[in-house]
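Please open the structure in your viewer and keep the selection tool at hand. The tour below moves from one selection to the next and says what is there.

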Amino acid sequence: MSKNEDTRNIIVTGAARGIGKAIALRLAQDGHNVSVNDIDANRDEVEAVKSEIEKIGRKSHAVTGDVSVESDVRKVIDESVSALGSLDVMVANAGIAQVKPLLEVTQEDWDRMMAINLRGVFLSYQLAAKQMISQGKGGKIIGAASIVAYRPFALLSPYSASKWAVRGLTQGAAMEWAQYGITVNAYCPGIVGTAMWDLIDEKLAQNEGLKKGQAIEKYSDLIHLGRVSVPEDVANFVSYLASSDSDYMTGQSVMIDGGIQFS
Ligand SMILES: NC(=O)C1=CN([C@@H]2O[C@H](COP(=O)(O)OP(=O)(O)OC[C@H]3O[C@@H](n4cnc5c(N)ncnc54)[C@H](O)[C@@H]3O)[C@@H](O)[C@H]2O)C=CC1
Ligand SMILES: CC(=O)C(C)=O
């Protein structure tokens with residue numbers, strides 16, 4: 001945490017594992033209180049993250065709910081504000097991936113992708129902004145985009161479109177909410193070794209006639225820094241976005257990918 005930084009009250013969605021968990025733990029280590037959300041099926045994992053945050057010495061709250069459902073996002077925010085006292089930073093991290101040739105994508109596939117990755121971010125952004133405006137002290141809203149928000153990966157077209165839309169939403173929200181002292185930015189990871197990439201690797205391998213582990217190896221050749229990302233690489237950048245050091249930055253979707261894409 002920067003010198004003279006206040007303790008902030010923060011929500012991280014999709015925080016049971018992977019990048020969301022790393023972000024939640026890093027923000028707690030930075031001295032903030034962190035409320036953690038995930039779907040009900042991951043209740044035990046999200047409770048375990050809450051315990052880890054409390055062991056660090058910060059306040060925490062675990063709240064399950066589906067970010068694509070407005071009443072669930074409202075519950076996540078209301079419970080978190082009751083438990084922590086306010087909402088200063090919202091990290092809309094939850095997301096899903098699907099690997100499928102575009103010619104085989106069904107309307108159900110498309111709708112599920114957009115419901116979670118786009119409507120989920122929209123609801124998290126909008127309801128967080130309303131809460132922050134009611135508090136009258138501004139705030140920081142941070143979303144999960146991806147390098148595919150700039151250049152899609154083949155076989156991940158709906159996913160890429162959802163992340164491209166998150167980049168647009170982040171710009172529009174930044175324009176509309178600057179007047180309330182709210183900044184809105186997004187992080188764009190590259191290839192991060194999480195459960196999401198386990199799934200992508202398996203499905204890409206099936207599609208490309210490779211063995212398990214070979215797809216991630218092949219795609220990793222794109223990384224100039226020469227290693228697959230770990231969730232902590234992304235959490236380090238989100239720590240900056242949540243801190244006052246990023247106060248003059250808004251509307252940006254920034255690559256944190258070891259040098260795959262260059263904008
Ligand atoms: N792993 C990677 O290489 C990259 C990941 N990202 C993005 O970063 C974010 C986190 O990704 P990972 O940690 O890798 O994924 P992950 O699959 O390991 O974790 C995502 C978490 O979000 C939760 N989640 C899914 N749908 C939800 C819903 N409707 N409501 C609440 N929680 C929900 C899952 O249960 C899971 O705990 C995602 O938005 C992803 O698209 C972006 C670029 C690269
Ligand atoms: C999952 C994802 O966004 C990438 C780029 O791998």
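At roughly what angle do the axes of helix 4 and helix 5 cross? Select helix 4 (residues 107-135) and helix 5 (residues 157-177), whose axes come within 10 Å and cross at roughly 20 degrees. Helices here are DSSP runs of H or I with at least four residues, strands are runs of E with at least two, and both are numbered from the N terminus. The axes are lines fitted to C-alpha atoms, for helices over the stretch in contact, and the angles run from 0 to 180 degrees between N-to-C directions.

Before going further, note that this is a predicted model, in which local features need pLDDT of at least 70 and side-chain atom pairs count only at pLDDT 80 or more, while totals for chains, interfaces and linings use all residues. Residues are numbered from 1 along each chain as its sequence is written, and chains are lettered from A and ligands numbered from 1 in the order in which they are written.

Helix 4 and helix 5 are therefore roughly parallel to each other, a term for angles under 35 degrees. Their contact (C-beta atoms, placed from the backbone, within 7 Å) includes Trp110, Met113 and Phe122 of helix 4 and Tyr159, Val166 and Trp177 of helix 5. By class, this contact has 15 nonpolar, two polar and two charged residues; Ala, Val, Leu, Ile, Met, Phe, Trp, Tyr, Cys and Pro count as nonpolar, Asp, Glu, Lys and Arg as charged, and the others, Gly among them, as polar.

Next, select ligand 1, which has 30 residues around it, with Gly14, Gly18, Gly95, Ala144 and Thr194 coming nearest; a residue is near if its C-beta atom, placed from the backbone, lies within 6 Å. Helix 1 (18-29), strand 2 (33-38), helix 4 and helix 6 (195-208) each supply at least two residues of this shell.

Move on to ligand 2, where the surrounding residues include Ala97, Ser146, Phe153 and Met196. The shell around ligand 2 divides into seven nonpolar, two polar and no charged residues.

Now select Ile10, found in strand 1 (residues 9-12). Ile10 is buried, with 29 other C-beta atoms within 10 Å, the cut-off for buried being 20 or more. Leaving aside neighbours within four places in sequence, the contacts of Ile10 include Leu27, Val34 and Ala242.

Finish at Val234 in helix 8 (residues 231-242), which counts as buried with 26 C-beta neighbours inside 10 Å. Not counting residues up to four places away in sequence, Val234 touches Ile19, Tyr187 and Ile256, among others.

Note on methods: A residue is buried if 20 or more other C-beta atoms lie within 10 Å of its own, exposed if 12 or fewer, and partly exposed in between; C-beta atoms are placed from the backbone. Two residues are in contact if their C-beta atoms, placed from the backbone, lie within 7 Å. Angles under 35 degrees count as roughly parallel, over 145 as roughly antiparallel, 65 to 115 as roughly perpendicular and the rest as oblique.
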